Amino acid sequence: MLNVFRLSQGQEFDIMTGTQAFAATTALTHTLAHSTGLTWQGPAESVVSDPAGIQAALLGFNEPVHIIAMPQGLGVSNAGAVQPGMNGKAPQLLGALPPLGIEDLGDAGFRDQYGVRCAYYAGAMANAIASTRMVIALGKAGLLGSFGAAGVVPARLEAAIHEIQTALPDGPYAFNLINSPNEPAMERGAAELYLKHGVRTVEASAYLDITPPLVHYRVAGLEADNDGKIVARNRIIAKLSRKEVAARFLSPAPNDILDQLVADGKITPDQAQWAQRVPMADDITAEADSGGHTDNRPLVLLLPAILALRDELQARYQYASVPRVGAAGGIATPHAAYAAFAMGAAFIATGSVNQACVEAGASEHTRNLLAQAGMADVIMAPAADMFEMGVKVQVLRRGTMFGPRALKLYELYSRYGSIEEIPTEEREKLEKTVFKRELNAIWADTVAFFTERDPRQIERANADPRQKMALIFRWYLGLSSRWSNSGEKGRELDYQIWCGPAMGAFNDWARGTYLEKPENRSVTDVALQLLTGAAYLTRLRQLTAFGVRTTAGLEHYNPNRAL
């Protein structure tokens, strides 16, 4: 609770009990009156000093908060007016906080560029876990959501584009474009669909380098206005966790890719020239320890490093519009959201917490597991899309055996050169406990799948026994996430549920409130509660600029408060 005001002489005044002598009160008033030279005039009954009253005053985002030295102690009020001069009869004004709400957090440029109410977006989760329903719900609330296009076949992706654009003809919405080194046709096809249907915002994720489809999407949207200013119609938010990758997105498109795109007739020579004057991304999302693809970086180290890199490259390239840097990974409580903004994040992005919401493309069983997760209930496991490269994703450990089983598959892939080299006993164990079918039957399904999706994968596997083994193992890794989404009966222990420690932090914060139950979690409600709590904590911290000390009683924002 708001408890103590420290005097310049080293005295303390307790505003809750007023236990100091009246002389101390007079000293307090006199000392700070000289620093402001202002008095406050208003109804005495509006001045509060109890924790509930102080919290209510801080949550009055549209009103200033006056910090007042009353005869009986220190208090705050949203009412009244500030008067110049020192009137001996009027209470002294020690300071005032300006109005501040959730719309004021972060960078106004982010809100303007994407046409959103707040500097916030819900990041993509593959296989349409970040569903059309989720994106539309957020968009109708004036918030940005990114559709989870990774792993979605072209026909379904095109249907999702149509559904979202019909519901949100003026936006806001975004679509994910994921780096697919093992399935380049999927990445290229998604980029072409976005260009075909005029999708203006893409969230690029899991990139290790800049690819031709990404450059094609970005540069094909470049125009020059009447004043010669370069306008990027196709916007990119790059979600990443490494400085070397950030440097590529904060730099212009590579010349060799531009030259090839011009030769292929996909962009004009003018667009290739204009591309030298803009970065690859409008925004960088510095993604710390998160669900799915992650390098498990701590945000307190990653965000400042990316901000410093942005400033270095901006000084070099002198872009007309400075790329913004936001934060993701671990953003699951008001304190985390506040901390990200306080460190300089232009915006924040959430992930894991949205998967437990009713709009997510996840089964009820999965959402219930997520709602029970603790911060330590996660494990790193091989990624389906980059299995051969040894890339891992962070998944839920509690209630599923996917993590240990996937790690076993990668161990076998690393040890043997083909399925045939795996010892018979080990192979039979895999067929019984993991695949629950003979591996020959799994291969037949794999052939049918990639014949429709990317036939070159089968050609490579037929020429390379180890690649054939990788595709068979990826059958399990790929379907396990789909089983989680659809609620496949009998496969509950094989559910692959992308999840970071943030899920446990959110559950701790929500415990004892209406948000504890997953059926009460709406993606827009969660977003607004996190932002409201962050704005409240921002105002609470502003009090310290006037010497006001706070204790734990006021640190907690309770989401039971009606928005």
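Student: Which residue lies over the face of Y413, and at what distance from the ring centre?

Tutor: In this predicted model, R466 is placed over the face of Y413, 3.9 Å from the centre of the ring. Y413 also belongs to an aromatic cluster, together with F387, F402, Y410, F435, F473, W475, Y476 and W483.

Student: Is F387 buried or exposed?

Tutor: F387 has a relative accessible area of 0% and is buried. Y410, at 24% relative accessibility, counts as partly exposed.

Student: How are the rings of F387 and F473 arranged?

Tutor: Their centres are 6.4 Å apart with the planes at 90°, so F387 and F473 form an edge-to-face pair. This pair links distant parts of the chain, since F473 lies in helix α19 (residues 465–486), 86 residues from F387. Both F387 and F473 are buried.

Student: In what order do the strands of the open sheet run?

Tutor: Strands of a sheet pair through backbone hydrogen bonds, in either a parallel or an antiparallel sense. The open sheet has three strands in the order β16-β20-β19, and its pairing is antiparallel. At the edges stand β16 (292–293) and β19, each with a single partner strand, so one side of each has no neighbour in the sheet. Two bridges connect β16 and β20 in the antiparallel sense, and H293 stands opposite V393 in β20. Helix α15 packs on this sheet and touches β19 and β20; its direction makes about 30° with that of β19.

Student: Which strands close into a barrel?

Tutor: Eight strands do so, in the order β8-β9-β10-β11-β14-β15-β17-β18, with parallel pairing. From one strand to the next, the twist averages 30°. Helix α6 (residues 184–196) packs on the sheet, where it touches β10 (174–178) and β11 (201–205); the direction of α6 makes about 155° with that of β10.

Student: Over how many bridges do β15 and β17 pair?

Tutor: Strand β15 (residues 283–287) and strand β17 (residues 324–328) pair in the parallel sense over five bridges. I284 stands opposite V325 in β17.

Student: Which way do the residues of β9 point?

Tutor: In strand β9 (residues 144–147), L144 and S146 point one way, whereas G145 and F147 point the other way; all are buried.

Student: How do α6 and α7 cross?

Tutor: Two packed helices are described by the angle between their axes and by the distance between those axes. The axes of α6 and helix α7 (residues 212–219) come within 9 Å and cross at roughly 10°. That makes α6 roughly parallel to α7. The contact involves E187, R188, A191, Y194 and L195 of α6, and P213, L214, H216 and Y217 of α7.

How values were computed:
Residues are numbered from 1 along each chain as its sequence is written. This is a predicted model: local features need pLDDT of at least 70, side-chain atom pairs count only at pLDDT 80 or more; totals for chains, interfaces and linings use all residues. Side-chain values use heavy atoms; hydrogens and water are left out. Two strands pair if DSSP finds at least two bridges between them. Helices (H or I, at least four residues) and strands (E, at least two) are DSSP runs, numbered from the N terminus. Axes are lines fitted to C-alpha atoms, for helices over the stretch in contact, and angles run from 0 to 180 degrees between N-to-C directions. Contact means heavy atoms within 4.5 Å. Buried means under 20% relative accessible area, exposed over 50%, partly exposed in between (1.4 Å probe, protein chains only). Rings of Phe, Tyr and Trp (its six-membered ring) pair if their centres lie within 6.5 Å; planes under 30 degrees apart count as stacked, over 60 as edge-to-face and the rest as tilted. A charge sits over a ring if NZ of Lys or CZ of Arg is within 6 Å of the ring centre and within 35 degrees of the ring normal. Angles under 35 degrees count as roughly parallel, over 145 as roughly antiparallel, 65 to 115 as roughly perpendicular and the rest as oblique.
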